[in-house]
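Hi,

Here is the structure I promised to pass on. Have a look at it first, and then read my notes below.

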Amino acid sequence: MIDTLRLTAKGVNDLLETGEASSDEIFAAYRAAIDERDGELKCFLHVCDESPGEGIPIALKDVISTKGVPTTAGSKILEGFKPVYDATVTERCAARGLRTIGKTNMDEFAMGSSTENSAYGPTRNPWDPDRVPGGSSGGSAAAVAAGLAPWALGSDTGGSVKQPAALCGVVGLRPTYGTVSRYGIVAFASSLDQVGPIAKTVADCAFLYSVIAGRDANDTTTVDLPQPVEIPQDEDLRGLRVGVPKELNEAEGIEPGVSMAVNAAIELCRELGAEVGECELPRSVDYGLPCYYLIAPSEASSNLARYDGVRYGLRVSPDGIRELYEQTRDHGFGDEPKRRIMLGTYALSAGYYEAYYGQAQKVRTVIRQEFAAALERFDVLVSPTSPTVAFPLGAKTENPLAMYLSDVLAIPPNMAGLPGLSIPCGLSEGLPVGLQLIGAQFSENVLFRAGHALEQALGFDYVPQRLA
Amino acid sequence: MAITRDEVLHVARLARLALTEEEISKFQDQLSAILEAVGKVSELDLSGVEPTAHPLELSNVWASDDPHPPLPVEEVLANAPDREDGYFRVPAA
């Protein structure tokens, strides 16, 4: 029997290439792992019994359209919805023989940092089932950590790949904006949404990125990669300039155990030959979160206008079209989408537009400029991915602002369209700590090289201790 | 900054959300707290700073004008809550 807990996608590929196992046997092994462990963890909203292809299984976040396979974005308003076409990323995975094993749980419409906003109930963290896996791609991150899929796709608007990867002890990439097609992805905030890979190793993450990245005629915001993806091999960091932004490493609310693990990883960068120096992002961290919580809800209020009960999804049908719209949306959306739709509608409404949305767009320029200046001096910027380790279920559900702060360190680079890689760098109180590596636009290869070298030196064991 | 009950109702109406009484009062409190936090952006003097609408500097992205087959009507209507004669069906105003 194949033990999926420790198996990487590279490991699966080796089994296939040597003929030690067939694609069907591997698919069956992951299905068995899901049957065994997903009753407790609830990583999946839908599990596929069959899936075409001769290659490696993959789990897809439920925000990604899969033809004929339910796609709900974690919302009641899309219950039973079956897309009639595939997202570009789904097609690209299928073209390489990857087999969709299931659709993973998520915060409704990718709005949240704990997966507790799913209309179908929370996912639990494989390291401690009383804690959240992070979010919004919590199902994808937890599935990879628990050996229910060798790798997965998530989506990241304000940290939704990086933060759950950190909280589940796996590797997650938020790619440079525009490198991965958004065609067929349920839209949240279109100037920020990016699909990204989640895997057990940096090399797997890089490979999966190479599968999905590149210009797509169906998404005019996409571009071709300036260089092909390089699967990282270097084990040192000689010649790499690593910057430590003060504000991202000393922000209020960073747990001491998180700082300790991150500082040890920074020290390791030195030992591996990197030049390490301090830098500043004076306004990006203080104003990043407020900026995000104006721009993302504004875009969401527009994107979510399509859920009106007319063409697909839930319809609550009293008399009259206006009542149909209002009742459908009130019954179909959970609290977080409603809050963000209202916040965005307010920020865009007459009399408030300039003070809120217009001002936030200018803050976004300031953030871009500050990161650009720091990235002139350094190749990579490092910080914790999340201020805390995985928190208990229910700890932040009553206080939206406390939940939002979970992404305070992940959001600023996203506003500038920068890529970010989260790798596990140790444990605090027995729970994984994520290290965030930020680079200039299109510098994924640099992040992969740095992440891989650190990963080899850190020797973090990604198998949750309670499952080992 | 605090948001009034009337503003909550106004925004809900713009967003086509029929809120319950309980939701109105809950969202009034929560939106007030969130607006106070995000209002921090107004502290900065950003006169003369250009806004960023999009992280990449792309402009005039053209697509070739080739016709492609559209989705068949049957697929377009496949998820419709209600339909009639190849159209989406909704109640009269």
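Below is what I found, starting with how the model is labelled.

It's a predicted model, in which local features need pLDDT of at least 70, side-chain atom pairs count only at pLDDT 80 or more, and totals for chains, interfaces and linings use all residues. Residues are numbered from 1 along each chain as its sequence is written, while chains are lettered from A and ligands numbered from 1 in the order in which they are written.

Let's start where the two chains meet. In total, 55 residues of chain A are in contact with 42 residues of chain B (contact means that the C-beta atoms, placed from the backbone, lie within 7 Å). Helix 12 (354-377) of chain A gives the largest share of chain A's side, eleven residues. (Helices are DSSP runs of H or I with at least four residues, strands are E runs of at least two, and both are numbered from the N terminus.) By class, chain A's side has 26 nonpolar, 16 polar and 13 charged residues. Here Ala, Val, Leu, Ile, Met, Phe, Trp, Tyr, Cys and Pro count as nonpolar, Asp, Glu, Lys and Arg as charged, and the others, Gly among them, as polar.

Now zoom in on one helix pair. Helix 9 (residues 284-303) of chain A packs against helix 2 (residues 21-38) of chain B at an angle of about 125°, with the axes 8 Å apart. (Axes are lines fitted to C-alpha atoms, for helices over the stretch in contact, and angles run from 0 to 180 degrees between N-to-C directions.) That makes helix 9 of chain A oblique to helix 2 of chain B; under 35 degrees would be roughly parallel, over 145 roughly antiparallel, 65 to 115 roughly perpendicular, and the rest is oblique. Pro290(A), Tyr293(A) and Leu294(A) meet Ile34(B), Ala37(B) and Val38(B) there, and this contact has six nonpolar, no polar and no charged residues.

You'll find Pro91(B) in the segment after strand 2 (87-88) of chain B. Beyond its neighbours within four places in sequence, Pro91(B) is in contact with Ser317(A), Asp319(A), Gly320(A), Ile321(A) and Leu324(A). Pro91(B) counts as partly exposed because it has 13 C-beta neighbours inside 10 Å (20 or more would be buried, 12 or fewer exposed).

Last stop: helix 8 (residues 256-271) of chain A. Its buried residues are Val258(A), Ala261(A), Val262(A), Ala265(A) and Cys269(A). On the other side, Pro256(A), Glu267(A), Arg270(A) and Glu271(A) are exposed.

Enjoy exploring!

Note on methods
Contact = placed C-beta atoms within 7 Å. Expected span 1.5 Å × (residues − 1).
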